[in-house]
Amino acid sequence: MIPKNQNKFNKPKGKTRYFPIKQFRFDVSNSPILNTKSKSSFKIKSLLSQQEELMLKGLSNSFQVPNTKAFRIALSKVSTIASDKLESSLPFSLAQTKLKGHTARNKKVEIRLPKDEKETLKVLARTHKLTEQAAVRLVIIHTAKGIRTGTLDNFEGCKLL
């Protein structure tokens with residue numbers, strides 16, 4: 001019989017005693033993207049790999065909004081970043097890449113955007129010589145990796161909790 005003050009499992013010791021897992025949650029209630037009244041009448045379709053789909057799902061969990069709004073918040077941030085900072089994420093978004101599992105793109109995603117945000121995405125695609133689908137992947141990959149590494153933490157109207 002085990003005494004009440006003893007646990008029947010091995011207690012963690014040393015480094016495993018305290019193992020925090022960061023959540024990366026944002027309060028987006030004051031975001032201009034969520035408070036806009038413009039109609040999302042333009043549809044963008046893209047194919048994502050499993051990793052990219054999970055990154056999009058992670059963005060929606062971090063911002064605590066649906067996928068479309070999470071993508072719109074990410075697009076507003078990426079459109080203000082200098083082109084040279086996006087170069088590290090650019091190879092992962094290309095259609096012919098073989099890097100780190102971003103290969104088998106068979107997950108379909110449809111995102112509805114207002115006209116001005118669609119134009120922003122087109123400008124981003126033109127400046128980096130990408131297709132619209134690759135630009136969608138670039139926005140998702142760069143934002144997700146930036147949040148996880150801590151380089152992206154100040155979104156307009158959003159604060160890190």
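Guide: Contact means that heavy atoms lie within 4.5 Å. The term is applied here to a predicted model.

Visitor: Which elements are included in what covers the buried residues of α3?
Guide: In α3, the buried residues are A70, F71, R72, I73, A74, L75, K77 and V78. The elements that cover these buried residues include α1, α2, α4, β3, α6 and α7.

Visitor: How many helices and strands does the chain have?
Guide: Read from the N terminus, the elements follow the order β-α-β-α-α-α-α-β-α-α-β. The chain therefore has seven helices and four strands.

Visitor: What share of the chain's residues count as buried?
Guide: A residue is buried when its relative accessible area is under 20%. The accessible surface of the chain is about 10,500 Å², with 52% belonging to carbon and sulfur atoms. Of the 161 residues, the share that counts as buried is 39%.

Visitor: What distance should the twelve residues of α3 span, and what distance separates its end C-alpha atoms?
Guide: The expected span is 1.5 Å times one less than the number of residues. For the twelve residues of α3 this gives 16 Å, and the distance between the end C-alpha atoms agrees, at 16 Å.

Visitor: How are α2 and α3 arranged relative to each other?
Guide: Helix α2, residues 50-63, packs against α3 with the axes 8 Å apart and at an angle of about 85°. Angles of 65 to 115 degrees fall into one class, so α2 and α3 are roughly perpendicular.

Visitor: Which residues of α2 and α3 make the contact?
Guide: The buried residues of α2 are E52, M55, L56, G58, L59, S60, S62 and F63. From α2, the contact is made by L56, K57, L59, S60 and F63, and from α3 by N67, A70, F71, I73 and A74.

Visitor: Which residue follows α2, and what is its phi?
Guide: Helix α2 has 14 residues and reaches 20 Å from its first C-alpha to its last, close to the 20 Å expected. The residue that follows α2 is Q64, with a positive phi near 60°.

Visitor: Where do the buried residues of α6 fall when seen down the axis of the helix?
Guide: Helix α6 buries E117, K118, L121, L124 and A125. Seen down the axis, these buried residues fall within an arc of 120°, so they line one face of the helix.

Visitor: Which exposed residues does the face of α6 turned away from its buried side carry?
Guide: The buried residues of α6 pack against α1, β2, α3, α4, β3 and α7. The face turned away from them carries the exposed residues K115, D116, R126 and T127.

Visitor: At what angle do the axes of α6 and α7 cross?
Guide: The contact between these helices is made by K118, L121, K122, L124 and A125 of α6 and by E132, A135, V136 and V139 of α7. The two helices are roughly perpendicular to each other. Their axes come within 9 Å, and the crossing angle is roughly 95°.

Visitor: Is H128 buried or exposed?
Guide: H128 is found in the loop between α6 and α7. Leaving aside its neighbours within four places in sequence, H128 is in contact with S83, L86, E87, L90 and L138. Its relative accessibility is 10%, and the cut-off is under 20%. H128 therefore counts as buried.

Visitor: Is S88 buried or exposed?
Guide: S88 is found in the loop between α4 and α5. Its C-alpha atom is separated by 8.3 Å from that of H142, 54 residues apart along the chain. With a relative accessible area of 52%, S88 is exposed.

Visitor: Which residues does C158 touch, not counting residues up to four places away in sequence?
Guide: C158 is placed in the loop between α7 and β4. Its relative accessible area is 10%, so C158 is buried. Not counting residues up to four places away in sequence, C158 touches D27, V28 and S31.

Note on methods:
Residues numbered from 1 in each chain as written. Predicted model: local features only at pLDDT ≥ 70, side-chain atom pairs only at ≥ 80, totals over all residues. Heavy atoms only, no water. Buried < 20%, exposed > 50% of the residue type's maximum accessible area, 1.4 Å probe, protein only. Arc of directions from axis to C-beta. Areas by Shrake-Rupley, 256 points an atom, 1.4 Å probe, with all protein chains shown as cover. Axes fitted to C-alpha atoms, helices over the stretch in contact; angles between N-to-C directions. Parallel < 35°, antiparallel > 145°, perpendicular 65-115°, else oblique.
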